[in-house]
Amino acid sequence: MLNKKRIVVKVGTSSLTNELGNPNLKAFDSLALVLSDVHNMGYDIVLVSSGAIAVGASKLHLKEKPTELRYKQACAAVGQCSNMFWYDKFFSEYNQEVAQILFNTDDIENEEKKENLSNTINTLLEMGIIPIVNENDSVSYTEIDSKEHLFSDNDKLSAIVAILCKAGKLVIFSDIDGFFDKDPRLYSDAKLIDRIDQITDDTFELAGGAGSRRGTGGMRTKLEAAQLATAQGISTIVTNGAHPDALYNVVSGRKVGTLFKGVRK
């Protein structure tokens with residue numbers, strides 16, 4: 001049975017970095033404030049966070065994100081450390097404990113590992129801690145340098161995490177306001193679709209390609225994540241990560257972004 005008071009929130013690279021590729025400290029602070037506040041309202045929160053490679057490349061003063069696998073993994077190792085430093089700093093300001101969880105596809109495909117992972121997340125939540133989850137890019141190969149992308153910039157990872165911990169809702173913060181009938185960055189007459197009850201082939205045809213140049217996930221991967229989560233009854237909301245306080249609308253049941261309604265079993 002899903003836990004209606006449990007929310008998985010996914011934030012992407014474009015929401016955590018600025019145009020120079022450096023950490024957006026205001027974004028880290030705003031996110032920590034809202035998640036801590038909603039947690040204080042009695043909700044369990046799991047944060048799925050991208051951004052390790054981009055932040056690592058910035059910290060290492062690289063002019064652009066690397067293309068060679070070993071440099072991507074090195075940047076991920078440095079960037080993950082930096083991201084957790086900022087998360088720990090800002091969440092601490094709001095008296096909220098956080099924990100880091102890194103895993104890869106093997107941890108999902110192996111039933112024993114998956115059960116252990118689920119137990120760890122659930123135990124942290126029971127202890128009032130916010131788990132911060134990311135794909136382990138420093139050792140993973142399939143996600144950052146092959147065509148076998150299971151997690152797709154953590155969009156589908158967030159859906160998998162939501163299923164693992166039986167979350168009532170999944171909130172995916174994007175770099176646009178939700179799911180539109182056409183790309184709003186290209187067409188001024190694009191209209192936001194505020195609710196989708198069933199994801200079909202026609203829905204996927206409306207999805208564009210990659211989103212921000214700082215991330216790797218586009219609207220299509222968010223649709224795939226929503227399809228995965230809603231099939232397990234988990235309603236999914238896609239909204240703009242520049243406004244994390246939209247989470248207040250989510251918990252109060254007000255309209256925000258695009259709602260993909262969970263399919264009841």
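**Exercise 1. Strand E1 and its partners**

In this predicted model, E1 and E5 pair in the parallel sense over 6 bridges. Find which residue of E5 stands opposite Val9, then find which residue of E2 is the bridge partner of Arg6.

*Solution.* 
- Step 1. Start with the pair E1 and E5. Val9 stands opposite Val171 in E5.
- Step 2. Turn to the pair E1 and E2. These strands run parallel, and 6 bridges join them.
- Step 3. Look up Arg6. Its bridge partner in E2 is Asp44.

**Exercise 2. The whole sheet**

Work out the order of the strands in the open sheet, and say which strands stand at the edges.

*Solution.* 
- Step 1. Write down the order. The open sheet has 8 strands, in the order E3-E4-E2-E1-E5-E7-E8-E6. The pairing is mixed.
- Step 2. Go to the edges. Strand E3 (98-103) and strand E6 (195-196) stand there.
- Step 3. Check one more pair. Strand E5 (residues 167-174) and strand E7 (residues 235-240) pair in the parallel sense over 6 bridges. Here Lys169 stands opposite Ser235 in E7.

**Exercise 3. Helix H4, the sheet and H2**

Say which strands helix H4 lies across. Then describe how H2 and H4 cross.

*Solution.* 
- Step 1. Bring in H2. The axes of H2 and H4 come within 9 Å and cross at roughly 50 degrees.
- Step 2. H2 passes H4 in a right-handed crossing.
- Step 3. List the contact. H2 brings Leu25, Phe28, Asp29, Leu31, Ala32, Leu35 and Ser36. H4 brings Asn83, Trp86, Tyr87, Phe90 and Phe91.
- Step 4. Sort by class. The contact of H2 with H4 has 9 nonpolar, 2 polar and 1 charged residues.

**Exercise 4. Helices H7 and H9**

Decide why H7 and H9 count as roughly parallel, and sort their contact residues by class.

*Solution.* 
- Step 1. Take the geometry. Helix H7 (residues 155-164) and helix H9 (residues 219-230) pack at an angle of about 15 degrees, with axes 8 Å apart.
- Step 2. Apply the cut-off. Angles under 35 degrees count as roughly parallel, so H7 and H9 are roughly parallel to each other.
- Step 3. Asp155, Lys156, Ala159, Ile160 and Ile163 in H7 meet Thr221, Lys222, Glu224, Ala225, Leu228 and Ala229 in H9.
- Step 4. Sort by class. The contact of H7 with H9 has 6 nonpolar, 1 polar and 4 charged residues.

**Exercise 5. Confidence**

Find which element has the lowest mean pLDDT and which the highest. Then find where the pLDDT is below 50.

*Solution.* 
- Step 1. Begin with the protein. Its mean pLDDT is 89, and 89% of its residues reach 70 or more.
- Step 2. Compare the elements. Helix H5 (residues 105-109) has the lowest mean pLDDT, 83. Helix H2 (residues 25-40) has the highest, 98.
- Step 3. The pLDDT is below 50 over residues 143-149 and over residues 210-217.
- Step 4. Read with care. Where pLDDT is low, the predicted coordinates should not be read in detail.

Definitions and conventions: Residues are numbered from 1 along each chain as its sequence is written. This is a predicted model: local features need pLDDT of at least 70, side-chain atom pairs count only at pLDDT 80 or more; totals for chains, interfaces and linings use all residues. Side-chain values use heavy atoms; hydrogens and water are left out. Axes are lines fitted to C-alpha atoms, for helices over the stretch in contact, and angles run from 0 to 180 degrees between N-to-C directions. Helices (H or I, at least four residues) and strands (E, at least two) are DSSP runs, numbered from the N terminus. Angles under 35 degrees count as roughly parallel, over 145 as roughly antiparallel, 65 to 115 as roughly perpendicular and the rest as oblique. Contact means heavy atoms within 4.5 Å. Ala, Val, Leu, Ile, Met, Phe, Trp, Tyr, Cys and Pro count as nonpolar, Asp, Glu, Lys and Arg as charged, and the others, Gly among them, as polar. pLDDT is the predictor's confidence in each residue, from 0 to 100. Two strands pair if DSSP finds at least two bridges between them. A crossing is left-handed if the near helix is turned anticlockwise from the far one by less than a right angle, and right-handed if clockwise.
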